[in-house]
Amino acid sequence: MLSTGFFPTEDELAAETISHGALKSEDEHRRDICTAGRWIYERGYVASTDGNVSLRLDPRRILTSPTGISKGMMTPDDLVITDLQGTKLSGRRNPSSELAMHLLIYRRRPDVNSVCHAHPPVATGYAAAGIPLNKALLAELVLSLGCVPVARYGTPGTPELTEALEPLVQSADSILMANHGVVTAGPDLLTAFFRMETTEHFARVALVTELLGKQVLLSSGDVEKLLAARARYGAQTSSVKSAECPVTSDAEETERITLTRRELESLVEEAVQKDRARR
Ligand SMILES: [Zn+2]
């Protein structure tokens, strides 16, 4: 049905909305992946034909975006169905070579029903710099994602990439992939997409604090209070947390050392002497 111009039709509204939940018809899942693809593309999280989105249709089948097409221009019949080993079961297009990382996550995380992979520029900048997003800078982030670690570099489309992610997939819902991008996982597509959006948003805020030259972190007491209140936040809270994450102000405090000018000068002098002696 065509829009009257003033109010969107039901079809137009549905095309721009994704509801939470993994129990949907295959048609709904196909439409949701196309909508998420458009959001990822329109927000500048990918360029050209980069990125991929998938979800678990049932215990044995994965529905995924295809290779070689802009994620902003997909239609439901462009999508591909594979098994958990990546063998194509149906679809006129082919799955991405990056599907292997999605399959790794599905195999290791029965709680995950959807995976998003993109190259959002600020978070990918952190990934390229090898800097994890692991500081307790924002209260909501402590609750939603906890920490975003960096996986070591692995050549895209090869087993190196999945090997690099393997140690982190159990303990993180969002992972920076060194010199590459970001992968997020969730119990449904909307959560996996939100985790991508949250990761990029957090990276932007972290970058601003770096530009300002000052970061005031939450204390471990603040973080404990947040985690105690976590139950109230229900489904929006990440299912995984680790003891060393996030880095708090007191953890930073133990890392900080104080030197007098004279002590600093003598350390520099000592290093210079050692360097000269080596030449
Ligand atoms: Zn990629």
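Analyst: Start with a term. Helices and strands here are DSSP runs, numbered from the N terminus. This is a predicted model. With that naming, H2 is followed by Gly44, whose phi is positive, near 75 degrees.

User: Which residues of H2 are buried?

Analyst: First the general idea. An α-helix has 3.6 residues a turn, so residues three or four places apart point the same way. Now the case. The buried residues of H2 are His29, Arg30, Arg31, Asp32, Ile33, Cys34, Thr35, Ala36, Gly37, Ile40 and Tyr41.

User: Which residues touch the most other members of the largest nonpolar core?

Analyst: That core has 59 residues. Ile33, Ala36, Cys116, Leu133, Ile175, Leu176 and Val182 touch the most other members. Helix H7, residues 189–212, gives the most to this core: eight residues.

User: What is Ala36 in contact with, beyond its neighbours within four places in sequence?

Analyst: Ala36 contacts Ile18, Val53, Cys116, Leu189 and Phe193.

User: Now the strands. How many bridges pair S1 with S2?

Analyst: The general idea comes before the count. In a regular strand the side chains alternate between the two faces of the sheet. Here, S1 (residues 52–58) and S2 (residues 61–64) pair over four bridges, in the antiparallel sense. Ser54 has Thr64 in S2 as its bridge partner. The hairpin from S1 to S2 passes through two residues.

User: What stands opposite Arg61 in S3?

Analyst: Asp83 does. S3 (residues 80–83) is antiparallel to S2, and four bridges join them.

User: Is Ser48 buried or exposed, and why?

Analyst: Count C-beta atoms within 10 Å: exposed means 12 or fewer. Ser48 has 11 others in that range, so it is exposed.

User: And where is Asn179 found?

Analyst: Asn179 is in the loop between strands S7 (174–177) and S8 (181–186). Asn179 also has a positive phi, about 55 degrees, without being a glycine. It has 16 C-beta neighbours inside 10 Å, so Asn179 counts as partly exposed.

Notes
Residues are numbered from 1 along each chain as its sequence is written. This is a predicted model: local features need pLDDT of at least 70, side-chain atom pairs count only at pLDDT 80 or more; totals for chains, interfaces and linings use all residues. Two strands pair if DSSP finds at least two bridges between them. A residue is buried if 20 or more other C-beta atoms lie within 10 Å of its own, exposed if 12 or fewer, and partly exposed in between; C-beta atoms are placed from the backbone. A nonpolar core is a set of buried Ala, Val, Leu, Ile, Met, Phe, Trp, Tyr and Cys residues joined through C-beta atoms within 7 Å. Two residues are in contact if their C-beta atoms, placed from the backbone, lie within 7 Å.
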